[in-house]
Amino acid sequence: MVRLITHNLLSCHAKGCTTNNFPLQFKDAEIEHREADFNPEFIRGLLPKIEWKALVDTAKELGDTSLPYEQPEMMDDELLKTLHHVLLEMHVEEGQMICPNCNHVYPISNGIPNMLLAEHEIA
Amino acid sequence: MSRPELQAPPEIYYGDIEAKKYTKNTRNQQIQADMTYRALELLNLPPDEPAFLLDIGCGSGLSGEILTEEGFIWAGVDIAPSMLEVALEREVEGDLFLQDIGQGFGFRPGSFDGAISISVLQWLLNAETSHPTSSPPHRLSRFFTTLHSALRNPSRAVFQFYPSSDDQIQLITSCALKAGFGGGLVVDYPNSNKAKKVFLCLFVGGGGQQVPKGLESEVEDDARARFERRRERVRSKDKSGKRKHMKDKDWILQKKELYRKRGKEGVPNDSKFTGRRRRPAF
């Protein structure tokens, strides 16, 4: 159940990996769509935390091009609905997330990413 | 039986069998639910604002279900794969991560509006290997530092845990304070062994936040033990020469007061009928 909302907040936490460690790249991702309750207030509250560029790029990588490249100043309902779909309804079930900096691979199985580090990678 | 955290590391202790047992046990469910509600109360989030919370040590999602019920969107981390499997079977709403919290989080700064954790911190207090990154202080500081940066300013994190000594409390709080948190310990029902619950209530960003008070029915007004003449009272006979009945109204009131102080549920109310004799049967 890696949704883009959490993916957008996640960076690599291996030892010494402090720059250019966001966003993690998806590889071999299998996507599932699941309906969720639409909550415009929540999306609005979330906007300041979201890295827009990373979100659009990742969505495109996963085959969803419904978001505009530049973050629009005004948020209408249409856009909030699209955001809701991209952030909360797209679940990555299987695949890998790879750190762009240190190439650490976080495997995803059954929708749960394995974030465990080996002993030498712990900061 | 000794504490679970002393028997095996969490990912092994909560194997397939124990994970199912833990989740099905209705007493566990009740206790988890109570503590989750109390933790949310201590979290003191602004009402009617949807928040994004982190459940640390979410396990099979017992507390997560309550978060969903209360209208929060949440993400959960746990180290036991079997527990997460049970969570998947139960189809919880939050995003789950298999993660060792002692290794720290990778969340970007300001990601979450708050964090709760039920019965987890005590698991961080055992060293599993002799590697320096496996020592409890190192793991605690890594955990608290990364958590501190992952939380929004201002926000709170509430941890319920079972400390087995004052040293443990000391270690945990000092690591948290070093990581930049403010706040402290909240103890509910300190007079009772059974109902006593310890919460660590941490703040990100000061802003004059006060550590909330623990739940308690009444506070002892003087700590000094009084001379109660108990023996004399017992020995004293009433005018008819018979021994006074020991379990009189005062005694009953005193007992009920004690139970209330310990947080026991279902203690009957006091009334004018309390401790009164019933009429003779014939």
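Trainee: Helices are DSSP runs of H or I with at least four residues, and strands are runs of E with at least two, both numbered from the N terminus. On that basis, which residue just after helix 8 of chain B takes a positive phi?

Mentor: That residue is B:Gly180, whose phi is about 110 degrees. Please note that this is a predicted model, in which local features need pLDDT of at least 70 and side-chain atom pairs count only at pLDDT 80 or more, while totals for chains, interfaces and linings use all residues. Residues are numbered from 1 along each chain as its sequence is written, and chains are lettered from A and ligands numbered from 1 in the order in which they are written.

Trainee: How many residues does helix 8 of chain B have, and how far does it reach?

Mentor: Helix 8 of chain B covers residues 166–178, which makes 13 residues. From first C-alpha to last, the helix reaches 18 Å, close to the expected 18 Å (1.5 Å times one less than the number of residues).

Trainee: Which of its residues are buried?

Mentor: B:Ile172, B:Cys175 and B:Ala176 are buried in helix 8 of chain B (20 or more other C-beta atoms within 10 Å of the residue's own; 12 or fewer means exposed).

Trainee: Why are those on the same side of the helix?

Mentor: They cover an arc of only 100 degrees around the axis, which puts them on the same side of helix 8 of chain B; the arc is taken from the directions from the axis to the C-beta atoms.

Trainee: And what does the face turned away carry?

Mentor: That face of helix 8 of chain B carries B:Asp166, B:Asp167 and B:Gln170, which are exposed. The buried residues, for their part, pack against helix 7 (136–150) and strand 7 (197–204) of chain B.

Trainee: Changing topic: in what order do the strands of the sheet in chain B stand?

Mentor: The order is 3-2-1-4-5-7-6, in an open sheet of seven strands with mixed pairing (a pair needs at least two DSSP bridges). Strand 3 (95–98) and strand 6 (182–188) of chain B each have a single partner strand, so one side of each is left without a neighbour in the sheet.

Trainee: How do strand 1 and strand 2 of chain B run, parallel or antiparallel?

Mentor: Strand 1 (residues 52–56) and strand 2 (residues 73–78) of chain B run parallel, joined by five bridges. B:Asp55, for instance, has B:Gly76 of strand 2 as its bridge partner.

Trainee: Finally, how many residues does each chain give to the contact?

Mentor: Chain A gives 26 residues and chain B gives 25 residues, where a contact requires C-beta atoms, placed from the backbone, within 7 Å. On the side of chain A that touches chain B, helix 2 of chain A gives the most, with four residues.

Terms used
Two residues are in contact if their C-beta atoms, placed from the backbone, lie within 7 Å.
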